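Here is a short report on one protein chain.

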Amino acid sequence: GHGIAVFTSGGDSQGMNAAVRAVVRMGIYLGCKVYFIKEGYQGMVDGGENIVEANWASVSSIIHRGGTVIGSARCKDFRERPGRLKAAENLIKRGITNLVVIGGDGSLTGANLFRVEWSSLLDELLSTGRISTEERQKYKSLHIAGMVGSIDNDFCGTDMTIGTDSALHRIIEAIDAIVSTAYSHQRTFIMEVMGRHCGYLAVVAALASEADYVFIPEDPVNVHWKENLCKKLLQERSAGQRLNIIIVAEGAIDREGNPITAEMVKKVVVDELKQDTRITVLGHVQRGGNPSAFDRVLGCRMGAEAVMALMEATDDTEPCVVSLDGNQAVRLPLMECVNRTQAVAKAMAERKFELAVDLRGRS
Ligand code: ATP
């Protein structure tokens with residue numbers, strides 16, 4: 001059969017390595033040649049040493065590592081047709097017509113465009129003598145299966161994206177560490193977590209850490225937020241609590257769309273309540289560290305399903321994204337999910353929050 005290539009693109013997340021590993025091993029198990037493409041689309045465009053055949057052992061001892069061992073990148077060249085033409089040539093020369101892309105909605109959009117253009121790219125390669133007539137015929141269809149690696153859980157169609165659970169572990173560890181010192185000194189802690197359009201990490205972290213208040217992009221606060229916050233904090237203190245925890249998502253805003261920042265929240269608590277207040281910005285720590293058991297298993301299951309999807313694809317099978325739906329790995333139409341995800345981002349930007357939450361659905 002034709003070769004399968006796997007690559008990671010866009011922001012990294014914990015569990016991507018488990019997915020890469022599963023693709024390689026499932027592919028080899030089914031008798032395919034499997035390739036790594038290093039550095040995302042840039043490696044596909046540049047070819048050479050960036051596209052290497054994988055073997056069973058080349059994915060040993062990676063499942064426990066965060067990030068992506070095959071490298072990820074953002075690539076300008078792939079956004080333009082000449083870049084995609086070079087990428088197509090590099091794949092054909094190695095007999096690759098199956099792609100597994102692990103990335104965000106941008107990366108999946110790029111893969112879809114590549115498939116839409118595939119025929120015309122091959123025509124151009126043929127007419128300029130870069131591939132033969134036999135190659136044009138033999139490699140006439142490109143198959144694509146995607147998986148979403150993102151700590152934000154911001155993709156429509158899947159209950160969980162690869163990396164979200166590990167990021168939550170990081171956040172909870174950090175909050176637990178802070179709680180003991182906050183308790184000792186009766187402090188208030190404000191924790192800023194990632195999530196520019198999606199408050200999932202903030203909300204789940206708040207629930208799991210018994211936080212007193214949470215600010216998220218989907219639920220902008222009204223003009224009374226300062227009073228409401230102070231009232232709640234005082235209420236907890238007078239009930240005997242020795243500390244307060246406030247979680248602020250990066251993208252938190254008020255009803256007018258103005259950002260609510262950790263600094264602003266701190267100023268309110270200090271000015272109004274005179275509480276000893278500290279801010280912790282977790283930043284890239286959330287992306288770091290070892291993947292959780294959940295993300296390892298999620299990556300494994302999705303990777304295996306992606307290969308199955310490619311093996312069952314016929315010439316006119318549309319690209320799919322492998323998703324988690326009620327603890328089942330399922331295949332959904334890739335562009336439908338991408339379009340819905342982008343519609344959510346648009347609704348958020350236009351401050352149509354109910355529409356955004358509606359569109360996003362269960363996840
Ligand atoms: P993250 O959510 O972490 O940002 P992402 O996959 O959405 O991940 P992008 O930077 O949007 O990240 O996309 C990654 C790469 O995918 C781009 O650098 C580019 O090479 C390719 N890509 C994205 N959108 C397109 C597009 N419309 N056409 C062609 N290629 C694209």
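N327 counts as exposed because it has 8 C-beta neighbours inside 10 Å. The model is predicted: local features need pLDDT of at least 70, side-chain atom pairs count only at pLDDT 80 or more, and totals for chains, interfaces and linings use all residues. Numbering runs from 1 along each chain as its sequence is written.

N327 sits in the loop between strand 10 (320–325) and strand 11 (328–333). K274 also lies in a loop, between helix 9 (262–273) and strand 9 (277–281). K274 is exposed, with 8 C-beta neighbours inside 10 Å. Neither residue is glycine, and phi is positive in K274 and in N327.

| Residue | Phi |
|---|---|
| K274 | near 55 degrees |
| N327 | near 70 degrees |

Now the whole chain. It has twelve helices and eleven strands. These are DSSP runs, numbered from the N terminus: helices are H or I of at least four residues, strands E of at least two. The radius of gyration is 23 Å, close to the 21 Å of the globule rule for 363 residues, so the chain is as compact as a globular protein of that length. The radius is taken over C-alpha atoms; the rule is 2.2 Å times the number of residues to the power 0.38.

The C-alpha atoms fill a box of roughly 80 × 40 × 35 Å along the principal axes. Buried residues make up 50% of the 363.

Methods:
A residue is buried if 20 or more other C-beta atoms lie within 10 Å of its own, exposed if 12 or fewer, and partly exposed in between; C-beta atoms are placed from the backbone.
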